[in-house]
Amino acid sequence: MTVSQHDAHEQFEHLLRQRITQTVIGRIDREITIDDLLIARLRRYEHLARTEKLSSQTLQVISSARRLLGDTSDPRHGP
């Protein structure tokens, strides 16, 4: 991976973490803690993040977002 590819990859992960965080905070601010569609999307993201070997920081943000929304399933068993 070249330096520019690495930078693009880091930027993608940063934007993904930021967007997930903003979305979940918005749901919590509006007192929407159960959002089945968002939880399903986060499960898919987590599965893809594991498959693509994204950073542990990105996995942690996704996992925390799921927990904050009330999801208790184990993502390691697929989407």
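This is a predicted model: local features need pLDDT of at least 70, side-chain atom pairs count only at pLDDT 80 or more; totals for chains, interfaces and linings use all residues.
Residues are numbered from 1 along each chain as its sequence is written, and side-chain values use heavy atoms, with hydrogens and water left out.

Let's start with the overall picture. The protein has three helices and zero strands, and its pattern along the sequence reads α-α-α. Helices here are DSSP runs of H or I with at least four residues, strands are runs of E with at least two, and both are numbered from the N terminus. Of the 79 residues, 30% count as buried; buried means under 20% relative accessible area, exposed means over 50%, and partly exposed lies in between, with a 1.4 Å probe and protein chains only.

Now to helix H2, which covers residues 36-51. At 1.5 Å a residue, its 16 residues should span 22 Å, and the end C-alpha atoms are 23 Å apart, which agrees; the expected span is 1.5 Å times one less than the number of residues.

Which residues of H2 are buried? They are Leu 38, Ile 39, Leu 42, Glu 46 and Ala 49. Seen down the axis of H2, these buried residues fall within an arc of 95°, so they line one face of the helix. That arc is taken from the directions from the helix axis to the C-beta atoms. On the face turned away from the buried side, H2 carries the exposed residues Asp 36 and Leu 37. After H2 comes Lys 53, with a positive phi near 60°.

Let's stay with Ile 39 for a moment. Ile 39 counts as buried because its relative accessibility is 6%. Beyond its neighbours within four places in sequence, Ile 39 is in contact with Leu 69 and Asp 71. Ile 39 and Ile 62 are 23 residues apart in sequence, and 9.8 Å separates their C-alpha atoms in space.

Finally, over to helix H1, residues 3-29, where we find Arg 17. Is Arg 17 buried or exposed? At 12% relative accessibility, Arg 17 counts as buried. Setting aside neighbours within four places in sequence, Arg 17 is in contact with Ser 55, Gln 57, Thr 58 and Val 61.

Terms used:
Contact means heavy atoms within 4.5 Å.
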